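Here is a short briefing to read alongside the model. Keep the structure open as you go, and look up each element as it comes up.

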Amino acid sequence: MAMIEVKVPDIGDFKDVAIIELLVKPGDTVTAEQSLITVESDKASMEIPSSHAGVVKELKVALGDKVNEGTLLLVLEAAGAAAPSPQPSPMKGEGASPAPAAAALPPSPPAGEGRGEGAPATGPIQVVVPDIGDFKDVAVIELMVKVGDTVKAEQSLITVESDKASMEIPSSHAGVVKEVKVAIGDKVNQGTLLVVLEGAGGASPSPQPSLMKGEGASPAPAAAAALPPSPPVGEGRGEGGAAAHNPTATPARGLPHASPSIRKFARELGVPLDELKGSGPKGRITQDDIQNFVKGVMGGAVQTAAQKAKAPAPAAAAGSGEAFPGLLAWPKVDFAKFGPVERKDLSRIKKISGANLHRNWVIIPHVTNHDDADITDLEAFRVATNKENEKSGVKVTMLAFMIKAAVAALKKFPEFNASLDGDTLVLKNYFHIGFAADTPNGLMVPVIKDADKKGIFQISTEMGELAKKARDGKLGPAEMTGGCFSISSLGGIGGRYFTPIINAPEVAIMGVCKSAIEPKWDGKTFQPRLMLPLSLSWDHRVIDGAAAARFNVYFASLLADFRRIAL
């Protein structure tokens, strides 16, 4: 077979990029476009793919070497026809022309500015994502500025990441940050608004979110923003909109020193990179570091910062649920030896919500009361109301009535509208009701704010809008925080009763299943009545059994005769 020399393809006008990782070795079989090495500059790292398929016969570079376009990387024994020369970009299907520029043009100034170059900017300046080529929905993995910071032109604002590379997006202007319009985990595209600045100077020459500093006139290749991966573990937002990071851990000063492929490997295993000390050159995290960390955690020799944060405090009566003395390690099983298997990553939302649910279930002493509500008359009223208002386009659901009933019950039993703050009970004088929304990526809990001040139609409209945002992945943190009480409804699916997990820092949650016609004795005969199963989970540190029973009975009575709401 023919021997083929594989060289560094066109990477733009950049010189002497350092090799920080070798991804193949002699004897390996590689496919066309498979990554061979990782290179890194001061601002980003990227993987260089192979132009051909074959078996690696000889490596021509080593860690720490500097490479340029045309540098010989390795010699392959060809295994087939040559593939089109790939660009060092995560996107497949490029043509013969180089990859589009990562950031060729500066963002346009806000309408009406019309300043000449160098003219001072005095009003608010909207800084948007510049031209990053033909790439869409790149994930924000790091925010590098906050409100009040003074930034310079070309100073990095955010870091975005694809499966194969990460890059920093610079500011087109100098000024003081007045608003940050994106959050960790958001997906951005060309033109996405990043920050609003109070201007402190004119527009800078077109900054480029490129690999290297000191670029020339040539645009950078689009090597660092292709397919949106899930954000690194611990950087997304959880159910309540709070970041799912460990508040006691030392915050990282930037991205972990690891290549994109290593970060992806860490995400798959749930390893927090900012807690690892790299053994590679300049403290770089390697695959061996990750594997050794996982072995240490599984064997109990190593604790993550999250586990340490959950460890039982000397004065804590509730315990934590992690690192109990004598607790066996999670079983490590090779499932493939028993039969065919398929591996699938948990979604980002499930990873984050799973950690929250685990914490809530272990720390909160849950008790669940079950009851039934007779909603025969209320359902008839709901159906009639929807018929009368067909033209309005607003469809009233039973959940809207339950939200109003929850407000009335919270007013009557204020200890349910509370949260624990250490040894202090915080009683709330507002009524924000969360409802569980089932989305393709997992469970989310939007919150209806000030439900006591809204009518059934307004609540129904707002619920529909929030549920759609949740399904589309567009729900913001402000729309998932501040809840007083949550309702989890499985009515559209089925079932009888279940034990819903309390959404901390709330102290109770109402679970609802599918209603069904049942015979009920009226003193003379059995009458068919529509009964709704209720499951109220409550925090026994705050609520006792008698109060929980009264709450559930009162809630059911409101649904049975909604006129009680007015009393």
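Predicted model: local features only at pLDDT ≥ 70, side-chain atom pairs only at ≥ 80, totals over all residues.

The points below move from the chain as a whole to the cores, a hairpin and the salt bridges.

**The chain as a whole**

- The chain holds eight helices and 27 strands.
- Of its 567 residues, 44% count as buried.
- Among contacts with a separation of 6 or more, 66% come from residues 24 or more positions apart.

**Nonpolar cores**

- In soluble globular proteins, nonpolar side chains tend to be buried together.
- The largest nonpolar core here has 55 residues, and the members that touch the most others are Phe 416, Phe 485 and Ile 487.
- Elements that give two or more residues to this core include helix H6 (398-412), helix H7 (456-471), strand E24 (485-489), strand E27 and helix H8 (545-560).
- H6 gives the most to this core, with 12 residues.
- Leaving aside neighbours within four places in sequence, Phe 485 is in contact with residues including Ala 406, Leu 410, Ile 433, Ile 509, Met 510, Leu 536 and Phe 551.
- A second, separate core has 19 residues, among them Val 129, Val 160, Val 177 and Val 182.

**The E26–E27 hairpin**

- Strands E26 (residues 516-521) and E27 (residues 526-539) pair in the antiparallel sense over six bridges.
- Four residues lie between the two strands, and in this hairpin Gly 523 takes a positive phi near 105°.
- Which residue in E27 is the bridge partner of Ile 517? The partner is Leu 530.
- Gln 527, also placed in strand E27, is 10 residues from Ile 517 in sequence and 9.6 Å from Ile 517 in space, C-alpha to C-alpha.
- Beyond its neighbours within four places in sequence, Gln 527 is in contact with Glu 518, Pro 519, Lys 520 and Asp 522.
- Gln 527 counts as partly exposed because its relative accessible area is 33%, between the 20% and 50% limits.

**Salt bridges**

- The count comes to 16 salt bridges.
- Arg 529 forms a salt bridge with Asp 377, with the closest N and O atoms 3.9 Å apart. This pair links distant parts of the chain, as Arg 529 is in strand E27 and Asp 377 is in helix H5 (residues 376-388), 152 residues apart.
- Is Arg 529 buried or partly exposed? Arg 529 has a relative accessibility of 23%, so it counts as partly exposed.
- Glu 462 and Lys 454 meet through their side chains in a salt bridge (2.8 Å, N to O), and both residues are buried.
- Asp 149 and Lys 146 also meet in a side-chain salt bridge (3.3 Å, N to O). Lys 146 counts as exposed because its relative accessibility is 54%, and the exposed class lies over 50%.
- A network of salt bridges links Asp 372, Arg 496, Glu 518 and Lys 520. Of these, Glu 518 and Lys 520 are also among the contacts of Gln 527.

Key:
Residues numbered from 1 in each chain as written. Heavy atoms only, no water. Pairing = 2+ DSSP bridges. Core = buried A, V, L, I, M, F, W, Y, C linked by side-chain atoms within 4.5 Å. Buried < 20%, exposed > 50% of the residue type's maximum accessible area, 1.4 Å probe, protein only. Contact = heavy atoms within 4.5 Å. Salt bridge = Lys/Arg side-chain N within 4 Å of Asp/Glu carboxyl O.
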